Each structure stands twice: as C-alpha cells, then as structure tokens.
Amino acid sequence: MSDKVKVTAMAGDGIGPEVMGVTKRILAAAGANIEWEDAEAGARVFKRGIATGVPPETLDSIARTGLALKGPLETPVGYGEKSANVTLRKYFELYGNIRPVRELPGIKTPFSGRGIDMVIVRENVEDLYAGIEYMQTAGVAECLKIITEPGSERILRLAFALTRAEGRKSLACSTKANIMKITEGLMKRVFERISPEYSDITPSHLIIDNCAHQLVIAPEQFDVIVCTNMNGDIISDLAAGLVGGLGVAPSSNLGDHAAMFEAVHGSAPQIAGKNLANPTAFLLSAVMLLRHIGDFKAAEIIEQAIYVTLEERKNLTGDIAPKGTGVGTDAYEHQIIANFGRDSSMASRQYAPLKLPEWPRVTWHHEPKTREFVGVDLFIESALSPGALGESLLQLTANSAFRLGSIANRGAQVWPVSAAETYVVDHFVCRFMVEKAGVDENTAITDLITRVGGTHRWMHVEKLQRFDGKDGFAKSAGES
Ligand code: NAD
C-alpha cells in the first residue's frame, strides 16, 4: 500500500486545469508525498444536469480523502442557481475560511515595505450566507442573519489554534457588536468568554468598520483577525488588495472532516488555455495544503522558490512581470523549479501542525436555566398610517393576553410616538407584550393572530423571550 497522502484534485474551469497542472508538477518536483484523486466539479458537471455542480463521485472522493485542492468553478447561466463552491462548503461543513495576507517580495503595491503579514479567519457557513431570504411584502425583502454560539465558538477556537500554530502573538476579533448587539454581539461575547483560556495570545476586539480603516492606515499592526462571514468576506478581499490582489491570494476552507484549498481568484475565462495564467495563488494554496498535512519541508522549498522568483522579477507571468517582460505560465513554472533550494530575503514562517478542535456530531442545544415568554412581534403589511394601524390593533386586541407596546418601521419606532422624519413603508413590526405572567403562549398567540389576521395581513410572528433573565430581542430605535 502507498504511504502517500491522498488528495482530491478538482481542476475546475477556465484557467483551473492549467494552474492545477503546474501545481501538480511543482509539488512532485519538490518531493511532496501526495497521490492525487482527480475529480470533476463546475461548469461541465452543471451541463450534465447535476444541479449542484458537484457529482456524487467527487463528494465520495473528498469524504474518503478528507483533503481537496480545488480550481475555480463556474456556475453557467441557465444551469441551476446553486454555486458548486457553496455546495462543497456546506456539504463538508467547511466552517473556517483562512486567508493569509503576506507582502510578497517583488510584488509592488502602495503598501510595499510595510511588512504586512497577517491571517484573516472568516466564519464560512453562517451569518447572512445561510440563504434564508424572503419577500415580506411585494416591496420589502428580508434576509436572516443566523449566528450561533457553537458556530462562533468553533471559528474562534480555530483562530486561536491557528494563531498558536503559526507562532503568532495576537488575535483581533472584529465585529459589528455595537449595532447588532445580539448577533454580532454573540461572537464578541464568546470571544471574551474563551480568550482567557489562551493566555499566550493577546486578544483584542475592534469594530469592523474601524478594522477596515485600520487595515488601510496601519495594516502591519495585525497578526490574526477573526470575523463573522460577511465581514470576513469583505475585509479578506480588502486585505488581499493590500499585497497584490486576488491573483496572488491563497486560501483554505477547514472543517472537522475535510479541508479544501483554493486560490481566491476565479476562472479568468478570457485568458484560459492561452498560457497566460498566473499560478502563484493556486501554488500558495497548495503550500497551505502541504503544511496542513505536515509536509513542512516541501512547503518551504516551494514557498521559498516562489519568493526568489518573484524577488528576482525574472520569468514572471504578464500580470505581475515588469512591463514587456512577461512570459508564459510554463516558463514561470520552470523558473520556480529552477529556484528550488534557494532562500529568498523573506524567511518562511515557522509553522506547527494546526490542531482543530473537534465538535461532537450531536444536535447542539443550550438549555437556559430560565426562559420567559414575554411577548410577540407580529410583522404586518399595511398601507395605513402608524397612528391608524395602532388604533386598529388596540381595538382588535382589547381584553386579550397582550398589550400593544410599540410599532416599528424599518427598525424605527413609529407608534406610540415617532420621529418626525421617519419614512414609512408597508412593513410594520408590531410589538405585543404579555399582560399577565403565566399565560399559555400557544393559546395566546393563536388568539392574537386570529384577532389581528381577520383585519390585517400578517407575514411573520417572532416570539419575544428572556433567557436567564436577559432580553433575547432588540429594541427598535426610539423604543424605551
Ligand atoms: P476572475 O478572478 O476570474 O477574474 C478577474 C480578473 O483577474 C480577470 O481580468 C482575470 O483575467 C484576472 N485573473 C484572475 N486570476 C488570474 C490568474 N491566476 N492569472 C492571471 N490573471 C488572473 O473573476 P471573475 O471574472 O469575476 O469570475 C470569472 C468566473 O470565475 C465566474 O464564473 C465566477 O463565478 C468564477 N469564480 C469562481 C471562484 C471560485 O471558484 N472560488 C471565485 C471567483 C469567481
């Protein structure tokens, strides 16, 4: 039996097969201990009628190997709406997106010389990307932002583990907890709860907009940054731009049972098959894969050869070469292999194996010590003025288990009092508070909906609860 590590290779679309070819040859030349299992995903698979873009054989291969190197995947227009990338991420619960951002020798940017060397850790499966979206009225859309305690804890623990494995010293958790106190605040609270367990790492928290600002003003201050999905999506691309853009940005997607490595860029269809593709980002992703499987030697040989090649600015692909000196993908590949064994001016970091915390495969449940039912937010579509709607609801719910407390429109209170300038649309969140403690909540809610629903169109009911004595709901702007 071969002692080689099996890795699923998905060349993907556009320039994918070219950069995959280069990468396999360079890894083989560096003595990487890998046996590839080639697998399909992307445009051709969609065109065969597989709506996810990933055939079962590919899923089986990744489930078997637990490791994948993936080229860019396209979702051809008219062949299903799902992205093959999202399918893979969700299927294997690849919850940790790791984006190293390191200044590369020879790649000149406005930030060159600042010594940028950080990693952005992005939660990869929750948040607004859960895809829970609705039209609530014909003109009002809603997207639910789902942040969970275990989802936050596992990405934060992954970020702490990665900080340690890379010999780094500080971890910044960046959230929008000042505005989204409950969702973004959950990640911040979990960060504050677990950071004392990592006494060798300096924790800090900063608001995400300030993080974006700081990334441009003083990017060299950051070691590791961890974020929820959407914030991480944006700032990781911003950070990639600081060091040369998506063409040189590698990434990994980590989960408990699989890890997938890919360049950040897409399939660059305009240059596919023309020997013009720059394989650096893909190669650096393969270097991350080598470190993940513990082949630190091959990783360093390849990384240093890339750095030397970039530093000497000889035989580079057209997108990064000095004007008029660009060569083909193949010549760049040969130059990297020719530079094996040489050291660049930029040392490789010292990495230790990354130990991921494993999460038990059971439905996670947190039972609070106390739970109180305190009210209901009823979402109502109406063309009435806030005053008229309030009046109507008061009448309809007289002598019910609830008292109408407030009405909000797009998060601003519009009843019983309203700011003068609030623009009002046909989507009201009507807050009913329980009048008497101990009511049967199902009976009370059914009665409320029956009373209100006879006159008004409702579309959503949200329970207001208190967990362990704390409100589990936000107040609208203006609500006391
Ligand atoms: P893109 O990254 O493919 O291209 C953007 C620009 O960068 C183009 O000018 C392209 O020529 C250039 N470029 C990108 N990678 C390069 C490389 N390695 N060498 C030289 N030049 C490079 O982005 P796009 O045009 O928005 O997307 C094209 C396709 O790729 C779309 O179908 C998109 O859905 C898909 N895509 C896939 C992934 C993924 O699989 N992870 C990511 C992004 C886009």
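How many bridges join β3 to strand β12 (residues 259-263)? The two strands run parallel and are joined by 4 bridges; pairing here requires that DSSP finds at least two bridges between two strands. The model is a predicted one, in which local features need pLDDT of at least 70, side-chain atom pairs count only at pLDDT 80 or more, and totals for chains, interfaces and linings use all residues. Residues are numbered from 1 along each chain as its sequence is written, and side-chain values use heavy atoms, with hydrogens and water left out.

Strand β3 covers residues 67-70. Helices (H or I, at least four residues) and strands (E, at least two) are DSSP runs, numbered from the N terminus. Within β12, A259 is the bridge partner of L67. Strand β1 (residues 5-10) also pairs with β3 in the parallel sense, over 3 bridges, and L69 in β3 has A9 opposite. In a regular strand the side chains alternate between the two faces of the sheet. In β3, L67 and L69 point one way while A68 and K70 point the other way, and all are buried (under 20% relative accessible area, with a 1.4 Å probe and protein chains only).

Turning to the domains, the chain is divided into domain 1 (1-93 + 243-351), domain 2 (110-242) and domain 3 (371-471), with bounds that come from an automatic or database domain assignment. The centres of domain 1 and domain 2, taken over C-alpha atoms, are separated by 25 Å. Their contact (heavy atoms within 4.5 Å) takes 14 residues from domain 1 and 18 residues from domain 2.

Conventions
Buried means under 20% relative accessible area, exposed over 50%, partly exposed in between (1.4 Å probe, protein chains only).
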